Amino acid sequence: MNELLVTIDLSAPEPPYEQVRAQLAGLIGRGSLAEGDRLPTVRALAADLGLAVNTVARAYKELEAEGLVTTRREAQTIFYRIANENAQRLLILLKDIYCR
């Protein structure tokens, strides 16, 4: 996986966890993140974005609840993998919304 292009706008009305969640969902929906890709660890992405660990953890948990990522524990690290079937559903939904 290449470097994630996720940015945070602290002046935006959306909270930072929602910005992270929405941007990652968009990357999944566009196919920029493919099935089996690993997202950065919560700590790594939080450090890169200058956010609290719990902020990124919430975004990841919401993506998991939406069925866009799955988690797997390996040696005390949780890896988040893209769940392909649900990503395809999101892509169809996004196309329907934005291509009207």
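These are my notebook entries on a predicted model of one protein chain.

**Ground rules.** I number residues from 1 along each chain as its sequence is written. Local features need pLDDT of at least 70 and side-chain atom pairs count only at pLDDT 80 or more, while totals for chains, interfaces and linings use all residues; side-chain values use heavy atoms, with hydrogens and water left out.

**Overall layout.** I looked up the secondary structure and found 4 helices and 2 strands in the protein chain. Helices here are DSSP runs of H or I with at least four residues, and strands are runs of E with at least two, numbered from the N terminus. The order from the N terminus is α-α-α-β-β-α.

I then checked burial: 36% of the 100 residues are buried. Buried means under 20% relative accessible area, exposed means over 50%, and partly exposed lies in between (1.4 Å probe, protein chains only). The chain exposes about 6,300 Å², and carbon and sulfur atoms supply 50% of that area. Accessible areas come from the Shrake-Rupley method with a 1.4 Å probe; for residues, only the protein chains shown count as cover.

For contacts (heavy atoms within 4.5 Å), I took those with a separation of 6 or more; residues 24 or more positions apart account for 50% of them.

**The segment before α1.** Val 6 lies in the segment before α1. I list Val 6 as buried because its relative accessibility is 9%. Leaving aside neighbours within four places in sequence, Val 6 is in contact with Val 20, Gln 23, Leu 24, Leu 27 and Leu 49.

Asp 9 is partly exposed, at a relative accessible area of 39%. From Asp 9 to Gln 19 I read 8.1 Å, C-alpha to C-alpha, for a sequence separation of 10 residues.

**Between α1 and α2.** Glu 35 is in the loop between these helices. Its relative accessible area is 54%, so I list Glu 35 as exposed. The C-alpha atoms of Glu 35 and Val 69 are separated by 8.9 Å, and the two residues are 34 apart along the chain.

**Helix α2.** In α2 (residues 42-49) I found Val 42, Leu 45, Ala 46 and Leu 49 buried. They line one face of the helix, because they fall within an arc of 100° seen down its axis. The arc is that of the directions from the helix axis to the C-beta atoms. Arg 43, Ala 47 and Asp 48 are exposed on the other side of α2. Just after α2, Gly 50 has a positive phi of about 70°.

**Helix α3.** I checked the length of α3 (residues 53-65): its 13 residues reach 18 Å from first C-alpha to last, close to the 18 Å expected. The expected span is 1.5 Å times one less than the number of residues.

The buried residues of α3 are Val 56, Ala 57, Ala 59, Tyr 60 and Leu 63. They are on the same side of α3, because they cover an arc of only 160° around the axis. Asn 54, Lys 61 and Ala 65 are exposed on the other side.

**Rings.** The charged end of Arg 58 sits over the ring of Tyr 17, 3.7 Å from the ring centre. The rule asks for NZ of Lys or CZ of Arg within 6 Å of the ring centre and within 35 degrees of the ring normal.
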